[in-house]
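Here are my notes on this model for your first read. Keep the structure open beside them as you go.

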Amino acid sequence: MFNLHFDPVQAFVHEPSKTVIMLCPKVMTQFLRRFIGAGSAAHCSNANLAKGPVRGFPRASARQCVSLLLNPNAYSTFAFVRNPYDRLQSVWQDKFFDGRHASLGLGEAGYSATIRRFALPAVRRFARKNDLAGGTAGDLVPFDTFVRHVAATPSGRRNRHWEMQTRIIQHGHFRFERLFKVETELEIGAQAIFGRIGFDHDWILENIDRRVNVSGRTRGSDYTPELADIAYGAFAADFEAFGYPRDSWGPKDERGGC
């Protein structure tokens, strides 16, 4: 049974090959939607291109969702996944760090509407309650405060951008044929998945690395050993399911192997 984080705009279903691709926020989602939409238009003559959040992305229909719910084993399901440490830092930078700097002199207008209305007040309340930095309007919510807030929120009730990837992609509902790590398996995953649904091999290689929506500036790791332990506890299921090492939180040249 799907959990409450299931969303048709995160699912692509190719009926002829019985292929499902589950997407996850902060795992190249916007890029993959554009890639799938462009590839479907170019190579799948019978594609029914819906107008979803990204124009042209053929999101799952209501009928397809019912079929996925009742017959998940009838499909070969795939997903791209990301190191949970990096994903958590990326969402903080995108939603809080960049939002704060875009708000300078504008109150809190630089944050996205959803973050400003719901997530930011909740994090600030948590900071004040626990005597942490970031509780005052206009202040930056530090990464330390954000990670502690996420860890204190039960899985299943978190914002989808910082919910566990295993929940978002419905890891407990589907039997995944394979999960591909975006850091090291993007190209091989794209060829394996999109080749089976009819995308041209050369087109895949030419277009797969044209990424969009790379969050902000390049940063080093904002983790400390203590904060990494907290994050690991909050995302243990992702680390276990995807095989990312517990010590993969530091500078990239000092991490354990992925």
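1. The largest cavity has a volume of about 30 Å³. A search of the whole structure finds 1 cavity of 30 Å³ or more. A cavity here is a set of points on a 1 Å grid, over the protein atoms alone, where a 1.4 Å probe fits but cannot get out. Its volume is the space filled by probe spheres set on the points, which are joined across faces, edges and corners.

2. The model is predicted: local features need pLDDT of at least 70, side-chain atom pairs count only at pLDDT 80 or more, and totals for chains, interfaces and linings use all residues. Residues are numbered from 1 along each chain as its sequence is written, and side-chain values use heavy atoms, without hydrogens and water.

3. What lines the largest cavity? Pro84, Arg87, Leu88, Trp162, Gln165, Phe235 and Asp238 do (an atom within 4 Å of a point). Helix H3 (residues 84–102) gives the largest share, 3 residues. The lining divides into 4 nonpolar, 1 polar and 2 charged residues.

4. Now the sheet. 4 strands form an open sheet in the order S1-S2-S3-S4, with mixed pairing. The edge strands, S1 (11–14) and S4 (176–181), each pair on one side only. Pairing takes at least two DSSP bridges; strands are DSSP runs of E, at least two residues, and helices runs of H or I, at least four, numbered from the N terminus.

5. Strand S3 (residues 76–81) and S4 run parallel, joined by 5 bridges. Val81 stands opposite Lys181 in S4.

Terms used:
On a 1 Å grid over the protein atoms alone, a cavity is a set of points where a 1.4 Å probe fits but cannot get out, and a pocket is an open set with protein on both sides within 12 Å along at least five of seven lines; lining residues have an atom within 4 Å of a point. Ala, Val, Leu, Ile, Met, Phe, Trp, Tyr, Cys and Pro count as nonpolar, Asp, Glu, Lys and Arg as charged, and the others, Gly among them, as polar.
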